[in-house]
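Q: Please take a close look at one part of this model. Which features set its surroundings?

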Amino acid sequence: PSPDGVVTLESTVVGERISVFSLVGELVYQENHPQNRIDMSVLGTGVYILRLTTSSGHEFVSKLLIEN
């Protein structure tokens, strides 16, 4: 994330939903029909799992590290 807490997704895949989970599996953020920028300033420092779901049901998963 940038210093202002915004994550910019660089992908050719159009997402239907973005979900962010803690490492224990708790859903901590979700947005339907996301733009290519996601405000993560509400999350604390830590490691998260980011899941992008497409309208066709495909899922792409990545690790997200937020540091202060």
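A: Start with a term: buried means under 20% relative accessible area, exposed over 50%, and partly exposed in between, with a 1.4 Å probe and protein chains only. Threonine 53 counts as buried because its relative accessible area is 7%. The model is predicted, so local features need pLDDT of at least 70, side-chain atom pairs count only at pLDDT 80 or more, and totals for chains, interfaces and linings use all residues. Residues are numbered from 1 along each chain as its sequence is written, and side-chain values use heavy atoms, without hydrogens and water.

What touches threonine 53, beyond its neighbours within four places in sequence? Gly15, Glu16 and Arg17 are in contact with threonine 53. His58 and Glu59 are too. Contact means heavy atoms within 4.5 Å.

Threonine 53 sits in strand 5. Strands here are DSSP runs of E, at least two residues, numbered from the N terminus. Strand 5 covers 46–54, and strand 6 covers 59–66. Strand 5 and strand 6 run antiparallel. The two are joined by 8 bridges; strands pair if DSSP finds at least two bridges between them.

Now the turn. The hairpin of strand 5 and strand 6 has 4 residues between the strands. There, glycine 57 takes a positive phi near 95°.

In a regular strand, side chains alternate between the two faces of the sheet.
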